[in-house]
Amino acid sequence: MANSKGRRRRFGAIRRLPSGRYQARYPGPDGVMRPAPITFETTADADDWLAEKQTEIRRGEWRDPEAGAVSFRAYADKWVDEREIGPLTRDLYRYLLDKHLFAFAESDLDEITAPREREWRADRLRTANAKTMTAKAYRLLKAIMETAVDDELISRNPCRIKGAGKEKAAERRIATVAQVDALANAVGMRWRLMVYLGAYGPMRPEELAGLRRRDVDLDNLRVRVRLAEPERMNGRRVQGDTKSEAGTRTVILPAFLHRELRWHLESYAESGPDGLLFVGEKGAPFRRSTFGRRWRKAREIVGMSEGFRFYDLRHTGHTLSTRSGATLKDTMVRAGQSSEKAALIYQHSDDERQEEVAAGLDATVRRARAAAAQRPPDKPSGTNLARDN
């Protein structure tokens, strides 16, 4: 059959339908004849479409139109299973797929278009009022779809909104020395050391959960952070590595914590070298939900805002260490943080410098306590409440 220009067509075929419109069909690289997804008003339009499809094949840009007919949820589940990620990250991805990306669960990969994902994001921001989780979900969606591009299931990633996956972190709250003391008192004697180590360590909750007696050098006031035991969404704790290589570290504590550390070891820590440093009233490893209730009650007693989290104690420790003369590298080593910035590679913070930081922190806290003791209280203090029975 000749085309409209009088030349014999060498690629594909065109036929006239009973409706009067024209259907175009072409052979893919696999030899299978495939119809165009639409019909055409004229043979010239059909001819142009066939020419574009032939060019795609010659350039290696052709994609099987059926390749994207893969369930997004099935593909996403497989994507998560294949990643080398920690249990908490895996839990987070599953949560985001269930609670935030459910709108795409029944869709095929090629049905997730740029307009559709823009509409989904706008709807989440408008109805869920969860900007942080929406940003996390968008990053996950974009990563999954990018892998689908690499797997040649779709030709282009539909997630192209600049900045949509970025989280705008709220300004970290800082507690005063007096507030840290008040929180330590109000949370109860069994848990007061956890507050102090969270602030003046400063250690992450999952690092505190993994501490054993053998990690503590009471005479030299050193605590060895070797592992982390985060609690998963199902309530089970898992033992694993620290958040980063820098997280495995020795923390030198300020001298004022010697009495607190000794008293806790004598009163509450499990016996034996492998005994947990922090356990509940019934001897079980502490649970996030149980401690959370105590933390919220302590925060209310002290009169601090609901937005102040236990994790914010780390920021308090960072700030006080800096005020006591610590460099950025010193605080990074102390908190177990890593950075790829070239400016930090050539800075050094050894044990001697860490002892100086701990001494400076000790002096800063002691001065603040002394100043607070000299001021008359504005109201009766509730910081001696909530001791364990």
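## A loop residue and its surroundings

E152 is found in the loop between α5 (131-150) and α6 (177-186), where helices (H or I, at least four residues) and strands (E, at least two) are DSSP runs, numbered from the N terminus. Please keep in mind that this is a predicted model, in which local features need pLDDT of at least 70 and side-chain atom pairs count only at pLDDT 80 or more, while totals for chains, interfaces and linings use all residues. Residues are numbered from 1 along each chain as its sequence is written, and side-chain values use heavy atoms, with hydrogens and water left out.

**The chain as a whole**

- The chain holds 14 helices and 6 strands.
- Of its 389 residues, 42% are buried (buried means under 20% relative accessible area, exposed over 50%, partly exposed in between, with a 1.4 Å probe and protein chains only).
- The accessible surface comes to about 22,200 Å², and carbon and sulfur atoms account for 48% of it (areas come from the Shrake-Rupley method with a 1.4 Å probe; for residues, only the protein chains shown count as cover).
- Among contacts in the chain with a separation of 6 or more, 64% are between residues 24 or more positions apart (contact means heavy atoms within 4.5 Å).

**The sheet of β1, β2 and β3**

- Here 3 strands make an open sheet, ordered β1-β2-β3, with antiparallel pairing (two strands pair if DSSP finds at least two bridges between them).
- β1 (13-16) and β3 (33-35) are the edge strands; each has a single partner strand, so one side of each has no neighbour in the sheet.
- On average, neighbouring strands of this sheet are turned by 25° against each other, direction ignored (axes are lines fitted to C-alpha atoms, for helices over the stretch in contact, and angles run from 0 to 180 degrees between N-to-C directions).
- Strand β2 (residues 22-27) runs antiparallel to β3, and 3 bridges join the two.
- R25 has P35 of β3 opposite it.
- Helix α1 (residues 43-59) packs on the sheet and touches β1 and β2, with its direction making about 20° with that of β2.

- β4 and β5 run antiparallel and are joined by 2 bridges.
- V216 stands opposite V223 in β5.
- β5 also pairs in the antiparallel sense with strand β6 (residues 249-252), over 4 bridges.
- V225 has R249 in β6 as its bridge partner.

- Most residues other than glycine have a negative phi, and most peptide bonds are trans.
- E152 has a positive phi, near 60°, though it is not a glycine. This residue is partly exposed, with a relative accessible area of 47%.
- L221 lies in the loop between β4 (216-217) and β5 (222-225). In this hairpin, with 4 residues between the strands, L221 takes a positive phi near 55°.
- L221 is buried, with a relative accessible area of 9%.
- G201 and P202 are joined by a cis peptide bond, with omega about -20°. You will find P202 in the loop between α7 (192-200) and α8 (205-209).

**Helix α6**

- In α6, 8 of the 10 residues are buried, so the helix is largely enclosed by the rest of the structure.
- The buried residues of α6 include V177, V180, D181 and L183.
- Just after α6 comes G188, with a positive phi of about 110°.
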